[in-house]
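Here is a short briefing for a first look at this structure. Keep the sequence and the 3D view at hand while reading.

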Amino acid sequence: MPADKNFLDKSVTSKNQSGIQSLEIGLSILDVLIDRNEPMMLKDIAETMQMHPAKSHRYLVSLIRKNYARKLDDGRYGLGDRINALAALGHTELSQNNLLARLTQVANEIKDTLNCGVQIAKWFSEGPIIIQSVEPDSPISIITRIGSRMPLTTSATGQLFASYQPDAVIQPLVAAEWQSSNAAADMTEKLQSLAQLQAKIRTQGYATVTGDMLMGINAITIPVILPHLANSAVNLSTSNDKTASEALPLEYAITIIGTTEQLPMSEQQNVVEQILSIAQRYQIA
């Protein structure tokens, strides 16, 4: 198609450098979604690319498979979780400090102290997403891929975030998780159990799971309390009031993950104290 040829001509930056044209086309389609910054219909993407819709669709399928794009229920295409994670990597606010760099320092110190994997997650509209992972210097390394969305009901990361978000936000997301897992339990009963878990997490100030996602793997997640919220009247670690807790926007969390030998739950309180001590030195807890 002539329009495709015109596009390919534009993608060649130098006669002395060879590249993979199909990759450049795919990335250009991704650029279209990024520049528009809102879901688009296939025909609009194809028109912007000057490309036949069927061909545009093939590239979109590949982008969706790699989680750089997603297809909405109404047929439109939007950005996927990996783009959200990449955007979070460039998040540089909070008194001109690079927050992610600070959190990574904390993660590395925790990793060196406990010899466990450490993950940093950020809350997005679709749920918590891993934006950084630090592997321990150990033959056994349990880590989650950057860009992965963590389940709200079975992961320590998800359970913590679910305890500090409005019910109107959380309930549709957890309902979707339960439906996808074909859980047979009554929805009302499950929501009641979740509410009890949320209250417990808000009381103790952290979340834990023991083999809920992977047999023999434990995890502990603590909230990241940013300095501009430190003087708030509401304290995440002591408030059991759902409404009051929601007043503090929990954006980030740190998860420590390891085997039952690396992260024994019998030492849970001691481990949490070590984690908080490290986080407090960096003024994020």
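How much accessible surface does the chain have, and what share of it belongs to carbon and sulfur atoms? The accessible surface comes to about 14,900 Å². Carbon and sulfur atoms account for 50% of that surface. Note that the model is predicted.

**The chain as a whole**

- The chain has 285 residues, and 45% of them count as buried.
- Its secondary structure comes to 11 helices and 7 strands.
- Among contacts with a separation of 6 or more, 63% join residues 24 or more positions apart.

**Helix α8**

- Helix α8 covers residues 167-180, which makes 14 residues.
- From first C-alpha to last, α8 reaches 20 Å, close to the 20 Å expected at 1.5 Å a residue.
- Four of its residues are named as buried: I170, V174, A175 and W178.
- Seen down the axis of α8, the buried residues fall within an arc of 130°, so they line one face of the helix.
- The cover over these buried residues includes β3 (117-124), α7 (156-162) and α9 (187-204).
- The face turned away from the buried side carries the exposed residues A168, Q179 and S180.

**Helix α2 and its ends**

- Helix α2 has 16 residues, which should span 22 Å at 1.5 Å a residue.
- The buried residues of α2 are I25, G26, S28, I29, L30, V32 and L33.
- Just after α2, N37 takes a positive phi of about 55°.

**A nonpolar surface patch**

- I20, L23 and L27 form a nonpolar patch on the surface.
- Together, these three residues have about 290 Å² of accessible area.
- I20 has a relative accessible area of 54%, so I20 counts as exposed, the cut-off being over 50%.

**Salt bridges**

- The structure holds 4 salt bridges.
- R281 forms a salt bridge with E109, and the closest N and O atoms are 1.9 Å apart.
- R281 lies in helix α11 (residues 268-281) and E109 in helix α6 (residues 99-114), so the pair ties together parts that are 172 residues apart in sequence.
- R281 is exposed, at 51% relative accessibility. E109 is partly exposed, with a relative accessible area of 23%.
- The side chains of D74 and R76 meet in a salt bridge, at 2.7 Å from N to O.
- D74 is partly exposed at 45% relative accessibility, and R76 is partly exposed at 28%.
- The side chains of D112 and K111 also meet in a salt bridge, at 2.9 Å from N to O.
- K111 is buried, with a relative accessible area of 9%.

Notes. Residues numbered from 1 in each chain as written. Predicted model: local features only at pLDDT ≥ 70, side-chain atom pairs only at ≥ 80, totals over all residues. Heavy atoms only, no water. Helix = DSSP H or I, 4+ residues; strand = E, 2+ residues; numbered from the N terminus. Expected span 1.5 Å × (residues − 1). Buried < 20%, exposed > 50% of the residue type's maximum accessible area, 1.4 Å probe, protein only. Arc of directions from axis to C-beta. Contact = heavy atoms within 4.5 Å. Patch = residues over 30% accessible without salt bridge, like charges linked within 9 Å, V, L, I, M, F, W, Y side chains within 5 Å. Areas by Shrake-Rupley, 256 points an atom, 1.4 Å probe, with all protein chains shown as cover.
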